Amino acid sequence: MDGFQRHFDSQVILYGKQVILNLINQKGSEKPLELAFNKMVADLGNGMVKYIAFDFHKECSRMRWHRLQILLDMVAEMQDELGYFLVDADGKVLLHQDGTFRSNCMDCLDRTNVIQSMLAQRALQSQLRKMGVLHVGQQIEEQVAFGKMFKNAWADNADACAKQYAGTGALKTDFTRTGKRTHWGLVMDGWNSMIRYYKNNFSDGYRQDSIDLFLGNYAVDESDWTTPLREPKDWKFLTLPIVMVVAFSMSSAWLMADAPRLVQKETGLNVCVWKAARPRELTTSPPGSSASLYPQHERGWSLY
């Protein structure tokens, strides 16, 4: 608790008010972290530090990404109070910023970037109105070319940070780039998640050990001939990759076996994307029927 207090005391001195946006799940394995963070802020008792918990995955489940507006509405007044720094051409300071938002998820990559980009867009919109670039009531979204450039800048930054930390581009960047969540984005998130799983369990550990050895964090004992850089993996680490390979093989076999019938209705690429992004129950029609696929119901699902 002492370190927690000293950290936030220094942040308040440097940046002013602190608004914490905790985006992790409020159930499952992430719940204890949310409860602990909440308790520590409460025990801190600092009026300059405000804590807001927002279960990102729960609120945005089943493609309900418009519900992120709930969080923006919750913090809109706070963001206006914190303000921003503004100086005129003569160097005269017109406005001061009195605090910051500090958002987090588990790795502070994907969910964090989505929320930070939305807060940044709202702040920029206010600044452009103040300088007369936008009229009162005008939205950045109305400036199509500029809005696209702004969103791509945030998405590219997210990809750069994620590649350094997780080995793949960021998740959820379809929303950051376009303002909409897409089924193709879900497919890409699933692909990137599988790559992250593999690298985390089979590649990153060895590379981290190599870095520690290079930096001198690990001292080699010349009398010890055993190496700590390679440890045998338990069977459970192979379970998910094997399951994914089998599932992919079965899906590929199904597509190849049913290709002649499916090609009559869809191109091969559309079938693959549709199959991966929108799982449905299929009912076959008699041979020669004009309609061969009947969607029975859709199942919502989400990925990290």
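**Close-up views of a predicted model**

**View A. The second largest pocket of the predicted model.** About 450 Å³ of space lies in this pocket. Its lining counts 20 residues. Gln 69, Leu 72, Met 118, Gln 121 and Glu 141 lie nearest the centre. By class, the lining holds 8 nonpolar, 8 polar and 4 charged residues.

**View B. Packing of helix α5 against helix α6.** Helix α5 spans residues 110-130, and helix α6 spans residues 144-166. The axes lie 11 Å apart, at an angle of about 145°. The crossing is right-handed. From α5, the contact uses Asn 113, Gln 116, Ser 117, Ala 120, Gln 121, Leu 124 and Leu 128. From α6 come Phe 146, Phe 150, Lys 151, Trp 154, Asn 157 and Ala 158. These residues divide into 7 nonpolar, 5 polar and 1 charged. Gln 121 of α5 belongs to this contact and is also one of the residues nearest the centre of the second largest pocket.

**View C. Crossing of helix α1 and helix α2.** Helix α1 covers residues 2-15, and helix α2 covers residues 31-44. Their axes come within 11 Å and cross at roughly 70°. An angle of 65 to 115 degrees counts as roughly perpendicular, so α1 and α2 are roughly perpendicular to each other. The crossing of α1 and α2 is right-handed. Phe 4, Gln 5 and Phe 8 of α1 meet Phe 37, Met 40, Val 41 and Leu 44 of α2. The contact of α1 with α2 has 6 nonpolar residues, 1 polar residue and no charged residues.

How values were computed. Residues numbered from 1 in each chain as written. Predicted model: local features only at pLDDT ≥ 70, side-chain atom pairs only at ≥ 80, totals over all residues. Heavy atoms only, no water. Axes fitted to C-alpha atoms, helices over the stretch in contact; angles between N-to-C directions. Helix = DSSP H or I, 4+ residues; strand = E, 2+ residues; numbered from the N terminus. Left-handed = near helix turned anticlockwise from the far one by under 90°. Contact = heavy atoms within 4.5 Å. Nonpolar A, V, L, I, M, F, W, Y, C, P; charged D, E, K, R; others polar. 1 Å grid on protein atoms, 1.4 Å probe; cavity = no way out; pocket = protein on both sides within 12 Å on 5 of 7 lines; lining within 4 Å. Points joined across faces, edges and corners; volume = space filled by probe spheres on them. Parallel < 35°, antiparallel > 145°, perpendicular 65-115°, else oblique.
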